[in-house]
Amino acid sequence: MPTYKIVILGGGNASGYAARALIENGLKAGELAIITEENYVAYERPALSKGYLVGAARLPGFHTCVGGGGERQPPEWYGEKGIAYLTGSRVTKADLATKALTLESGEVVSYDKLIIATGARPIFLTEFKTPGADLRGLHYLRDVKDADALVAAMAATKEAGGKAVVVGGGYIGMEVAAGLAANGLPVTMVFPDERLMQRLFTPQLAAVYERLYEGKGVKVLKGVKVTGFAGADGKVTAVEYVAAAGGEAQQLEASLVVVGVGARANVELFAGQLEVAAGGIKVDGQMATSVPDVYAIGDVAAFPLTSIATGDVSYVRQEHVTHCRLSAAQAAKAVMGLSPAPYDYLPFFYSRVFSLSWVFYGEAPASTTPLHFGDTEEAKTFGCLWLGAGGQLVGAFLEGGSAEDAALLKSAVAARVAVAAEGLDTASSAATLAAIKAKL
Ligand SMILES: Cc1cc2nc3c(=O)[nH]c(=O)nc-3n(C[C@H](O)[C@H](O)[C@H](O)COP(=O)(O)OP(=O)(O)OC[C@H]3O[C@@H](n4cnc5c(N)ncnc54)[C@H](O)[C@@H]3O)c2cc1C
């Protein structure tokens, strides 16, 4: 049975960064194996809903760590470093007591230390027994296989003059809808919320993006609950829905449907073997789980996060690439015995749709007052500040703007600067950012 000093289970976004960080911290050739179900070594997953859909991104162009400004690590890179990368290898059993992982092939790999990086998977509508959810033509987007299927379906739908529907108004739904529209497909977005990205966007922010989408020909159907899918010959032909407030059932013609309604952490392999929290694997500030020599990183890890707004600590999962990169670096240090300072994470999200690009740092709690700035009519550079007690900045959103502007807002949120709303020239994003800079 092959035994490695370290095994990373899951070869997704976080694993590529973990491999790099392990090497930076003294890993030697022959000490690491990465085991993954996918047929590819680690890549920057966010590209799948952006460049991939418009043909601008294809492997090997976006292997980690290019998204974080690092070296691209194609399969050869791992070979040169003496890392065994087992692609196309699903782990079907993880025995944390005997430190043994069983692959679908029956092969058993054992380890001294394990880093769990199994990520997350989409929430499938079949889980809710939504009628018609198993029809062909319904797509989810998590990996290259899904993205290839979607690209092929887009081309076929376009050729047949068909219509596309996106179920979900979060960032996956928004990015996919933009990708479908950029490919010339008629697109309708449907979701039960009152507005796009309801968990983050204020009504004013959402209105800007909704206007943009409508301008690009995307219909945005809000406050709508999907009740099922109609089909013919096993293939979807329509999405059935009712208004969230109730009323008559209605249908939307659709030969291509993309569902983006959230994700679940892949924790089942470890059921009953370690502590869980927030739907993920509970870790401490070193990314160590409740089982000795076992660590977890990326989407699957539930780590202690101190709220910027309240100072309270709670266990959270973050399905974002910056957390997956930073938690990978943190675990690599811990695994190599370097006892890093506890993980200190500032929540950060970003997205790119059409020619727009936004960033968000911190939190946007309902208890705070959002203060909008910039020109939302022109929709080039604008944003929002979430101000807590005493004008303390706890969250900042920026559309457009430079990398320096984003870095400024990140520092300001991290420092929880006090912003005086009165007297701030919020009509101008430049003046607002300058006023914040003066506080740092
Ligand atoms: C379409 C899309 C767009 C995104 N866009 C953004 C964005 O714009 N900004 C942002 O911040 N974040 C974005 N994200 C989120 C980001 O990609 C994730 O946070 C990141 O991929 C998490 O990395 P991970 O390594 O934890 O998990 P993953 O990248 O999901 O990797 C997990 C890997 O483990 C493998 N695996 C799971 N179980 C097993 C098993 N039993 N045996 C073997 N292998 C297994 C999986 O096949 C997968 O390869 C996006 C995600 C998606 C899906």
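Here is a short chat about a predicted model, its ligand shell and one of its helices.

Colleague: Which residues come nearest to the ligand?

Modeller: G10, G12, A14, G119 and G298 come nearest. They are among 36 residues around the ligand.

Colleague: Which domains does the shell draw on?

Modeller: Domain 1 (3–121 + 264–335) and domain 2 (125–261). Each gives at least three residues.

Colleague: And which helices or strands supply at least two residues each?

Modeller: Helices α1 (13–24) and α6 (321–335) do, and so does strand β22 (348–353).

Colleague: How does the shell split by class?

Modeller: It has 15 nonpolar residues, 14 polar ones and seven charged ones.

Colleague: New topic, α3. What span should its 16 residues have?

Modeller: Helix α3 covers residues 144–159. At 1.5 Å a residue, it should span 22 Å. The C-alpha atoms at its ends are 23 Å apart, which agrees.

Colleague: Which residues of α3 are buried?

Modeller: A147, L150, A153, M154 and T157. They cover an arc of only 125 degrees around the axis, so they sit on the same side of α3.

Colleague: Why do residues three or four places apart point the same way?

Modeller: Because an α-helix has 3.6 residues a turn.

Colleague: What is exposed on the other side of α3?

Modeller: K145, A152, A155 and E159 are exposed there.

Colleague: Back to the buried ones. What do they pack against?

Modeller: The buried residues of α3 pack against strands β8 (138–139), β9 (164–167) and β15 (256–259). They also pack against helix α4 (171–182).

Colleague: Which residue just after α3 takes a positive phi?

Modeller: G161, with a phi of about 70 degrees.

Methods:
Residues are numbered from 1 along each chain as its sequence is written. This is a predicted model: local features need pLDDT of at least 70, side-chain atom pairs count only at pLDDT 80 or more; totals for chains, interfaces and linings use all residues. A residue is near a molecule or strand if its C-beta atom, placed from the backbone, lies within 6 Å of it. Helices (H or I, at least four residues) and strands (E, at least two) are DSSP runs, numbered from the N terminus. Ala, Val, Leu, Ile, Met, Phe, Trp, Tyr, Cys and Pro count as nonpolar, Asp, Glu, Lys and Arg as charged, and the others, Gly among them, as polar. Domain bounds come from an automatic or database domain assignment. The expected span of a helix is 1.5 Å times one less than its number of residues. A residue is buried if 20 or more other C-beta atoms lie within 10 Å of its own, exposed if 12 or fewer, and partly exposed in between; C-beta atoms are placed from the backbone. The arc is that of the directions from the helix axis to the C-beta atoms. Two residues are in contact if their C-beta atoms, placed from the backbone, lie within 7 Å.
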